[in-house]
Amino acid sequence: PLLLMTPLVTFRRDWFSRESEHNCRCLRGMFIRKCKAFWRSPKVKFWTNVEFYSLFLIYQTYVILVKMDKTTKDTDNPSCDHNTPFTAPKMILYIWFLLFLLDEIVQVYTKHFWKWFKVSWNKLDALMYTVNLCGFILVNIPAAEDAATCFDEGAYNIGRIFLATSSILFYLRLNHMFIPDEA
């Protein structure tokens with residue numbers, strides 16, 4: 001992006017004339033036009049999408065494997081563990097996942113549902129988001145008998161399995177970015 005300010009980076013159209021190049025206002029306009037042309041190009045869009053999706057996968061794997069600490073001990077009741085569902089790494093992951101889910105919901109509403117569901121990658125997306133939502137719910141669910149203080153270890157472990165499975169499905173989804181579209 002820093003090279004956009006120089007005449008070394010050009011696009012197919014000549015955005016500026018040589019005589020007006022020294023004018024500060026034109027330089028700023030030239031820079032803005034070059035930035036727009038750069039960020040709107042298909043290659044930059046594709047690789048930016050791949051990079052951010054890869055960062056999401058790495059971060060999701062890190063949170064699920066390392067940062068998903070199960071519980072903290074209760075000092076008043078040592079036989080009962082407290083769930084710590086809202087740590088910062090988990091919240092960042094939840095928000096990032098929610099953005100992906102909202103993007104998918106927009107895709108469903110812009111197309112007819114059955115037309116959207118005919119595509120095999122969208123079926124994988126629906127399965128992936130459903131499994132991930134079930135995992136988030138199960139990991140953060142308290143025990144039924146004492147919901148305010150205790151934590152259900154069985155549901156937590158099943159939730160971790162769901163999250164690991166959804167992580168595998170997210171990695172499979174990465175293949176969709178590199179396969180040419182049939183349309």
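Among contacts (heavy atoms within 4.5 Å) in the protein chain between residues at least 6 apart in sequence, 66% link residues at least 24 apart. The model is a predicted one, in which local features need pLDDT of at least 70 and side-chain atom pairs count only at pLDDT 80 or more, while totals for chains, interfaces and linings use all residues. Residues are numbered from 1 along each chain as its sequence is written, and side-chain values use heavy atoms, with hydrogens and water left out.

The protein chain contains six helices and two strands, taken as DSSP runs numbered from the N terminus (helices H or I, at least four residues; strands E, at least two), and the elements follow the order α-α-β-β-α-α-α-α from the N terminus on. Of the 183 residues in the protein chain, 32% are buried, that is, under 20% relative accessible area with a 1.4 Å probe, protein chains only.

When its neighbours within four places in sequence are left aside, Tyr-53 is in contact with Phe-100, Met-128, Phe-170, Arg-173, Leu-174 and Met-177.

Definitions and conventions: Buried means under 20% relative accessible area, exposed over 50%, partly exposed in between (1.4 Å probe, protein chains only).
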